[in-house]
Amino acid sequence: MADNEKRDKDESHLSRRGFMSLAGTSGAAIGASMLLSRSPTALAAEPRATTFDPGTTTPDYPPRQLPKPGEKIHEFDIDLAISVHEIVPGVEMHAFTYNGTYPGPEFRVPEGDWVQVNFTNRTSELHTIHWHGVQVPCEMDGVPLGTQWPVGLGQTFKYLFRAQPAGTHFYHCHNMTTLHVQAGMFGAFIIEPKVDPVKKLFPYEREYTLLLSEVDTHLVQTQMNDMLKMMGQMTAMNQSAKLMKEMNGRMMGWFQDKNAFLNAVKSGYIPPYVSSRVGAAKPPSFNFFMINGKSFPMTDALSIRSGENIRVRLVGAGAMPHYMHLHGHDFWHVCQDGSPLANPVKMNTIPIFPGTTSDIIIQGTNPGMWHFHDHSDLSTTNNGQFPGGMMTMLMYEDADKYGVKVPNVIQVSS
Amino acid sequence: MKHFTKNFAKTLLVLTGVFTRPLVAFAMQAQPVPIPESMGTMPQVEIDGTGIASVNYGNPIENGKVRYAPGIDFSDSSLLIGGAQRLYNNGIGSLGFGVLSPDEGNAGTTNPLFVHQAFVDYQAESAEFLIGRSDNRASHLVDFPTLREEDLITFTNPLDPFSNGSVLEEHRYANVASFTLNQDLTYFEDFHAQHLIDSQGIGSTSTSLNSFGAHFEYLCAPGMEPLSRVVSYGIGYEYETISQPSTRGLNQVSAGGLINLNQSLVDRVDFRAQDLVNFGSSLKSFQNLNDTYQASYNAIAGSVRYLHNPFGQPGYQISLTGGYRSFFGIDQAGSWGLAVTAAKRLGEGFDLVAQYATQWRAANLAAQYQGQTSENVGQIGLVFNFSGTFNPHISPRRTPLNTQHQYIPD
């Protein structure tokens, strides 16, 4: 109760600050929104207050609290398995999939509510879930050998935390991250604010989440095979006291501390990164660039109508930066890493760096069909062939009304 | 001007055609491809090399002759290059071309290199079709951990009844057309026709098919070789169409397998054994080495190997391999052999090796080896093996993902 009182108090304070900020610098944004969705008379009466505060990073709710009796807990079951994922027709890959999908399902929970995720691993590889951008208690952060033991075959780990702060976040495996994220272990985690300042400024009904990532399909296959081979052996070891004893501490490169690691090196352990083990470095060579696990032309289009605002949540889930450019429009950058910006920024190309999220508002101001793509053009290819990759379309549903003829054609590289 | 333009356009067209082909291929293609307009894409290129060099001491018998002096031996060093690419309907097409150095008695003389691989291969999920020079389909049921593949070969390998014995690799490699079915990439049934190399000049034509057979083989789950009790086993039958007064058709039956005595990632002990039965010949004496390959015999071989593998990396290996061979209906022709082999890993693919091998032959068999009843050879040397893949985009078919989950050829 005390927490809620504190929160209400903070919100009222924040509203005043937001109003002052926007009134001074973001009149253009408000003006555009007015023209798009409401009559000038209605807009004149629109409250222009927002509820964000750039001045504090303190969690609204103490992360180490536990649920009190009667508090609502949103419970989700997430099973991890190996599935086959099709990026585009003719290109399939083995993937680690949460509930069978690449990327995993989108979570959407109200701010401040409790979340319990029952994560069951049905692969022989070790996994966790890291809640990226969410202010969880330390034990729920999903860092293997840091905040928890990795989840093994057949095991279930229950993640329990309060959904905060509001905004666009994501989740991903934090074990063998470079491999497991490419293999599909990521998804969106949307915490819906009690009062949405973005919606107040830019009224919208439809929104889209675009998870941007890339994959080196051959590397994923090779490393997944290597890991499955090792984990198959580990599973056998776990079922045999004899094997457990002889292998203890000598297989996975797990050591109790730095001294144990140093002692192992002195007694013959050769770390896998030295040149006598690995030769030259073999960095990933990404060959497919995806939006929500699909490459163009199999990406889903964004639908809009003239005069409509749509919200697009962009998530940098992969390892590369991407520069999303929208043809024929400017858009408003309204949130970064979940937090509303004090001053929305008008752009037509927005960089999405790995691990970041950016929310934008696209306004239906120019009927037609428009490309929305990574302007790092190497990413608009499929296996090196243009067009493809990280590209989708902004499609006006009422384009015909404005005399725009949208051709019924899909281009693939020939 | 009009004429110039027309010619210019024609020239441009020709040049365009020229420059779309790789320069080397354009200049050096020995034979046009069946559809020259399309030469294919850059395949996955694989290079595999093995260098074996040792100092030998003893009385090794090479090419049927005894050599007493200490020698430097680089036989079995090999280089293999291959290309592979994914085909339109999930198949994989590949080629392999490789040479190896035969023993000292041949290298530097008439046969400096032996082409042991020159094949084109088609693989789908459950079938494989290979044509060309490759492994004799009867010869690799069990591979023994001797230093070189021809060590103790008369015990460990089916023998080519068409060979004159001058190049031991003739027992290991053949011209092959094979079709292999599999179930779950675990059980394999191979049906093949072969031309066993006819250095004795027995057959009427140089490359006619002279061997037909079928083999069945089981392989444990990939990656689980150190921990499975039964790693592999197989059985095979081969019919060889030899036509000689005393040998009208030969039958070879082979069976063998590999089991782990100590299933372990650190201290693995395995045992492999094989029995080869050759029957159908009525030879009662030997006139030359070829007769010793044709005559009906039974050869058994076994090997115990210890592999110390600390921290998941090989440390050293010691093995003891033995074999015994006896002929049906020929007295004083038995033989046995033993080899103790050790390897110490100095780096990835780089080993310090040593081997002592001894063989004993009864008088009638020894007569074909210049009367040498015993052969003792000590070797110490270095082995370097590497494997490189360029433009990688295809994984092997038999992977944990493909065997435990849906098959994907990439």
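## Two chains, element by element

How many helices and strands does the secondary structure of chain B come to? In this predicted model, chain B has six helices and 19 strands. Chain A, for its part, comes to nine helices and 19 strands.

Now for burial and contacts. Chain A runs to 414 residues, and 41% of them are buried. Chain B has 410 residues, with 36% counted as buried. If you look at contacts between residues at least 6 apart in sequence, 76% of those in chain A join residues at least 24 apart. For chain B the corresponding figure is 60%.

The average pLDDT for chain A is 85, and 85% of the residues score at least 70. The stretch to watch is residues 1-49 of chain A, where pLDDT stays under 50. The model still gives that stretch 48 contacts beyond four places in sequence.

## Where the chains meet

Chain A puts 26 residues into the contact, and chain B puts in 24. On the chain A side, several elements supply at least two residues each: strands β1 (73-88) and β2 (91-98), plus helices α6 (217-238), α7 (241-247) and α9 (275-278). The largest share belongs to α6(A), with 11 residues. Sorted by class, this side of chain A has 11 nonpolar, 10 polar and five charged residues.

## The nonpolar cores

The largest nonpolar core holds 88 residues. Phe189(A), Leu212(A), Leu314(A), Ile360(A), Ile361(A) and Ile362(A) have the most contacts inside it. Helix α6(A) turns up again here, giving the most to this core with eight residues.

Take Ile361(A) for a closer look. Setting aside its neighbours within four places in sequence, Ile361(A) is in contact with Val198(A), Phe202(A), Tyr204(A), Asn309(A), Arg311(A), Phe331(A), Trp332(A) and Val334(A). There's also a second, separate core, made of 28 residues. Its members include Ile61(B), Val231(B), Ala301(B) and Leu365(B).

## A helix that is hardly covered

Is helix α8 of chain A well covered or hardly covered? Hardly: α8 spans residues 258-266, and of its nine residues, the number that count as buried is zero. After α8(A) comes Gly268(A), which has a positive phi, near 120 degrees.

Methods. Residues are numbered from 1 along each chain as its sequence is written. Chains are lettered from A and ligands numbered from 1 in the order in which they are written. This is a predicted model: local features need pLDDT of at least 70, side-chain atom pairs count only at pLDDT 80 or more; totals for chains, interfaces and linings use all residues. Two residues are in contact if their C-beta atoms, placed from the backbone, lie within 7 Å. Helices (H or I, at least four residues) and strands (E, at least two) are DSSP runs, numbered from the N terminus. Ala, Val, Leu, Ile, Met, Phe, Trp, Tyr, Cys and Pro count as nonpolar, Asp, Glu, Lys and Arg as charged, and the others, Gly among them, as polar. A residue is buried if 20 or more other C-beta atoms lie within 10 Å of its own, exposed if 12 or fewer, and partly exposed in between; C-beta atoms are placed from the backbone. pLDDT is the predictor's confidence in each residue, from 0 to 100. A nonpolar core is a set of buried Ala, Val, Leu, Ile, Met, Phe, Trp, Tyr and Cys residues joined through C-beta atoms within 7 Å.
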